[in-house]
Amino acid sequence: MKYEIKGGNLPAVVCMLNQNETMISELGAMSWMSPNMEMQTSGGGVGKMFGRMFSGEKAFQNLYTARGGEGMIAFASSFPGSIQAVEVTPSKPVITQKSAFLASESGVELSVFFQKKIGGALFGGEGFIMQKLSGNGIAFLEIDGAAVTYDLAAGESMVIDTGYLAMMDATCTMDVQTVKGVKNALLGGEGLFNTVVTGPGRIVLQTMPVNHFASVISALLPQKNS
């Protein structure tokens, strides 16, 4: 499979598949494709279906296979931002925010990931339930805004505001820390807690979390009189 990400801040990834090569996508992600692409909707078993539902995706997925020669298929992002191509290997699974998965090669498996540390689960802002991508192949993730990547050394940490963590290697750990100082916590506008991710591993941050964007737009809309 070869691919090209196009479209700037309104991106789509265009994938060229060899004959009989298959890609997996979330429902409704396909934007355009060549006529020889064959679609099949599959759940992959009850356990996998429930796992995907818990992780923020639909229970079913679409499989697209090139028949009779090379095929082309494109997947567009559902929100202004960027699409990140991530290589997943058996020794290097990745953890992503809910609903980040857009599409992947057929060797990648999407499952649910539960936060192990109760502090990170309850107060980190990234959620108790996230997505895990394992197996082997290229996966495409939806990033809210632009993607900023850091490689953390063992024991090195990054303090992240709620919603800005898009992806991390499974070797990273996540916890929370409280904002120091009562005045800072109550009046600083950053909330009471921040997410802390510790290496070793790569993290991908996003510059415009959809929940922040929605809150800004909501504040600008005229309020209805009760």
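Modeller: Lysine 6 has a relative accessible area of 43%, so it counts as partly exposed; that class lies between buried, under 20%, and exposed, over 50%, with a 1.4 Å probe and protein chains only. Its salt-bridge partner is glutamate 4, and the closest N and O atoms of the two are 4.0 Å apart. Glutamate 4 is partly exposed as well, at 45%. A salt bridge here is a side-chain nitrogen of Lys or Arg within 4 Å of a carboxyl oxygen of Asp or Glu.

Some ground rules come next. The model is predicted, so local features need pLDDT of at least 70 and side-chain atom pairs count only at pLDDT 80 or more, while totals for chains, interfaces and linings use all residues. Residues are numbered from 1 along each chain as its sequence is written, and side-chain values use heavy atoms, with hydrogens and water left out.

In general, side chains of opposite charge can pair when their charged atoms come close. Searching the whole structure gives three salt bridges. One of them joins arginine 67 to glutamate 38, with 3.3 Å between the closest N and O atoms. Arginine 67 sits in the loop between β6 and β7 and glutamate 38 in strand β5 (residues 37-42), so this bridge ties together parts 29 residues apart in sequence. Strands are DSSP runs of E of at least two residues, and helices are runs of H or I of at least four, numbered from the N terminus. Both partners are partly exposed, arginine 67 at 38% and glutamate 38 at 39%.

Aspartate 169 and arginine 202 also meet in a salt bridge, 3.7 Å from N to O. This pair links distant parts of the chain, since aspartate 169 is in strand β16 (residues 165-169) and arginine 202 in strand β19 (residues 201-206), 33 residues apart. Here both side chains are buried: aspartate 169 at 5% and arginine 202 at 16%.

Next, the aromatic rings. Rings of Phe, Tyr and Trp (its six-membered ring) pair if their centres lie within 6.5 Å; planes under 30 degrees apart count as stacked, over 60 as edge-to-face and the rest as tilted. Tyrosine 3 and phenylalanine 140 are edge-to-face, 5.0 Å centre to centre with 75° between the planes. Tyrosine 3 belongs to strand β1 (residues 2-6) and phenylalanine 140 to strand β13 (residues 137-144), so the contact ties together parts 137 residues apart in sequence. Tyrosine 3 is partly exposed at 40%, whereas phenylalanine 140 is buried at 0%. Tyrosine 64 and phenylalanine 75 have ring centres 6.2 Å apart and planes at 65°, so this pair is edge-to-face too. It links strand β6 (residues 61-66), which holds tyrosine 64, to strand β7 (residues 71-76), which holds phenylalanine 75, 11 residues apart. Tyrosine 64 is buried at 3%, and phenylalanine 75 is buried at 0%.

Last, a sheet. Three strands form an open antiparallel sheet in the order β15-β18-β17; two strands pair if DSSP finds at least two bridges between them. β15 (157-160) and β17 (173-178) stand at the edges with a single partner strand each, so one side of each has no neighbour in the sheet. β17 pairs with strand β18 (residues 193-198) in the antiparallel sense over six bridges. Within that pairing, glutamine 177 stands opposite asparagine 194 in β18.
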